[in-house]
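Please look over the sequence and the model shown here, and then read the points below.

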Amino acid sequence: LTSVLSLITLPVITFFMGHSRNPIESLAVLPVINGFVFLFRSGAFAYQEVAVALTGLHREHEAEVRRVARLLGGTASAVLAVVALTPLADLWFESVSGLTPDMARFALWPVRILVLLPALEYLLQSQRAFLILSRRTRSVTMGTGVEAVGISVTLAVCVGGYMMLVDGPRHR
């Protein structure tokens, strides 16, 4: 159920991007941004299993697992920040990803906003591992559900509110 809830957010995000300001540009850079940021947060997905395996049945190695999660998450976010906040971003988005200079600039601020996501992903996955070890898997599913609803509501309010402001006068 957790995986299904996580997968639901992808079409919801795509739907709202298609109805947002600059929908063509937003939909064009969305996979580039997602793919790029995923490079830095992908290790966290495996970290949940590592944390479950290495923490111990009585959580005797929890402090070490938390420390490594902080180190890996901090490093991943720092490296992402180095790319996103320097001219390396132009190199990545234009030369590697093949975006035009205008589209690369359009993608830059969303990537800068997502700089902390890898660190947060490591934190989330280690917390999930500790919940699993405590046999509180329902909390993991509930948390994923809250995340999916939170993303959907935030997009509905932000993009929906924007569309009401823009489209409102046309419908009168």
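**Briefing on the model**

Glu 121 is buried, with 6% relative accessible area; buried means under 20% relative accessible area, exposed over 50% and partly exposed in between, with a 1.4 Å probe and protein chains only. The model is predicted: local features need pLDDT of at least 70, side-chain atom pairs count only at pLDDT 80 or more, and totals for chains, interfaces and linings use all residues. Residues are numbered from 1 along each chain as its sequence is written, and side-chain values use heavy atoms, with hydrogens and water left out.

**Overall architecture**

- The protein contains seven helices and zero strands, in the order α-α-α-α-α-α-α along the sequence.
- Helices (H or I, at least four residues) and strands (E, at least two) are DSSP runs, numbered from the N terminus.
- The C-alpha trace spans about 65 × 40 × 20 Å along the principal axes of the protein.
- Of the 172 residues in the protein, 31% count as buried.
- Among contacts with a separation of 6 or more, 74% are between residues 24 or more positions apart; contact means heavy atoms within 4.5 Å.

**Surface and charge**

- The protein exposes about 10,600 Å², and carbon and sulfur atoms supply 69% of this area.
- Accessible areas come from the Shrake-Rupley method with a 1.4 Å probe, and for residues only the protein chains shown count as cover.
- There are 14 positive and 11 negative side chains, and the centres of the two sets lie 8 Å apart.
- In that count Lys and Arg are positive and Asp and Glu negative, while His and the chain ends are not counted; the place of a charge is taken as NZ of Lys, CZ of Arg, CG of Asp or CD of Glu.
- Leu 1, Val 4 and Ile 8 make a nonpolar surface patch of about 300 Å².
- Patches are made of residues with over 30% relative accessible area and no salt bridge, with like charges joined within 9 Å and nonpolar side chains (Val, Leu, Ile, Met, Phe, Trp, Tyr) within 5 Å.
- Leu 1 lies in the segment before helix 1, which covers residues 2-18, and Leu 1 is exposed at 69% relative accessible area.

**Salt bridges**

- A search of the whole structure finds four salt bridges, each being a side-chain nitrogen of Lys or Arg within 4 Å of a carboxyl oxygen of Asp or Glu.
- One of them joins Arg 41 and Glu 121, whose closest N and O atoms are 2.7 Å apart.
- Because Arg 41 lies in helix 2 and Glu 121 in helix 6, this pair ties together parts that are 80 residues apart in sequence.
- Arg 41 is partly exposed, with a relative accessible area of 21%, whereas Glu 121 is buried.
- Glu 62 forms a salt bridge with Arg 59, with the closest N and O atoms 2.8 Å apart; Glu 62 is buried at 16% relative accessibility, and Arg 59 is partly exposed at 28%.
- Arg 59, Glu 62 and Arg 66 are linked in a network of salt bridges.
- Arg 105 and Asp 102 meet through their side chains in a salt bridge of 2.1 Å, N to O.
- These two residues, Arg 105 and Asp 102, are three residues apart in helix 5, so about one helical turn separates them.
- Asp 102 is exposed, with a relative accessible area of 52%.

- Ala 104 is located in helix 5, residues 101-113, and counts as buried at 4% relative accessibility.
- Beyond its neighbours within four places in sequence, Ala 104 is in contact with Phe 93, Glu 94 and Leu 99.
- Ala 104 and Arg 21 are separated by 83 residues in sequence and by 17 Å in space, C-alpha to C-alpha.

**Loop residues with positive phi**

- Asn 22 is not a glycine, yet has a positive phi of about 55°.
- The loop between helix 1 and helix 2 (23-55) holds Asn 22, which counts as partly exposed at 32% relative accessibility.
- Arg 135, also a residue other than glycine, has a positive phi near 60°.
- Arg 135 lies in the loop between helix 6 (117-133) and helix 7 (137-167), and is exposed, with a relative accessible area of 74%.
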